[in-house]
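Please keep the sequence and the structure in view while reading.

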Amino acid sequence: MEIINMALFSVNYEAAEQFSSIEDGTYEVVVAQAEQSASQGGTDFLDIRLKIRDDFQQKFRNNLIFDKVWINKQTLQYPEWALQRYSKAVKIPEGVEVNTIEQFLGLIIGKTLKVTVKNEQSEYNGKTYDNLNIKKMEQSELPAYSGTVSSEPAPAKNDDLDLPF
């Protein structure tokens, strides 16, 4: 009987970084998930999850960047500047009429863009939180994303706070 010796895995430092904390920088991403949600306190927000592209050589490939666009509690509208920022970055043609939030979310899912992020701290109700904030959105100059975008929810993140922003 011959024993076949197969390695369990090969050491790969990039794989070790894959799900570590994302560093400040600029990343090519794809909109992996975009849906309406609500905080535990009942405030509506758009839950947009950006996956760092894995078809392009960059650090933190496959990691998720979580973006939330909060509804204005007085007007019950999402801030138009935030929707316009996404629209431009994912190259929705100028002049396209968007009639519903559902339509908007459908237009951005699976689209690519480039984001610059910064790790920052915020304080809410006397507690300090670490946040990865999107500081800039730009159009991607890369070809369309060649991977598959899953509409399956990514693993839940324990940050569903009732923040006013």
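Is Glu 120 buried, partly exposed or exposed? With a relative accessible area of 24%, Glu 120 is partly exposed; buried means under 20% relative accessible area, exposed over 50% and partly exposed in between, with a 1.4 Å probe and protein chains only.

The model is predicted, so local features need pLDDT of at least 70 and side-chain atom pairs count only at pLDDT 80 or more, while totals for chains, interfaces and linings use all residues. Residues are numbered from 1 along each chain as its sequence is written, and side-chain values use heavy atoms, with hydrogens and water left out.

**The chain**

The chain holds 3 helices and 5 strands. These are DSSP runs numbered from the N terminus, with at least four residues for helices (H or I) and at least two for strands (E). Along the sequence their pattern is α-β-β-β-α-α-β-β. Of the 165 residues, 32% count as buried. Contact means heavy atoms within 4.5 Å. Among contacts with a separation of 6 or more, 59% are accounted for by residues 24 or more positions apart.

**Glu 120**

Glu 120 is found in strand 4. Not counting residues up to four places away in sequence, Glu 120 touches Tyr 129, Asp 130, Asn 131, Asn 133 and Lys 135. Asp 24 is 96 residues from Glu 120 along the chain, and their C-alpha atoms are separated by 9.5 Å.

**Helix 2 and helix 3**

The axes of helix 2 (residues 80-89) and helix 3 (residues 101-108) come within 10 Å and cross at roughly 30 degrees. That makes helix 2 roughly parallel to helix 3, a term for angles under 35 degrees. Axes are lines fitted to C-alpha atoms, for helices over the stretch in contact, and angles run from 0 to 180 degrees between N-to-C directions. On the helix 2 side, Leu 83, Tyr 86 and Ser 87 meet Ile 101, Phe 104 and Ile 108 of helix 3. The residues of this contact divide into 5 nonpolar, 1 polar and no charged. Here Ala, Val, Leu, Ile, Met, Phe, Trp, Tyr, Cys and Pro count as nonpolar, Asp, Glu, Lys and Arg as charged, and the others, Gly among them, as polar.

Ser 87 counts as buried, at 13% relative accessibility. Beyond four places in sequence, Ser 87 touches Ile 92 and Phe 104. Also buried in helix 2 are Ala 82, Leu 83, Tyr 86 and Ala 89. The buried residues of helix 2 pack against strand 2, strand 3, helix 3, strand 4 and strand 5.

**The nonpolar core**

A nonpolar core is a set of buried Ala, Val, Leu, Ile, Met, Phe, Trp, Tyr and Cys residues joined through side-chain atoms within 4.5 Å. The largest one has 29 residues, of which Leu 50 and Ile 108 touch the most other members. Among the elements that each supply at least two residues of this core are strand 1 (25-38), strand 2 (44-52) and helix 3. The residues that Leu 50 touches include Val 30, Ile 65, Tyr 86 and Ile 134.

Most residues other than glycine have a negative phi.

Note on methods
Parallel < 35°, antiparallel > 145°, perpendicular 65-115°, else oblique.
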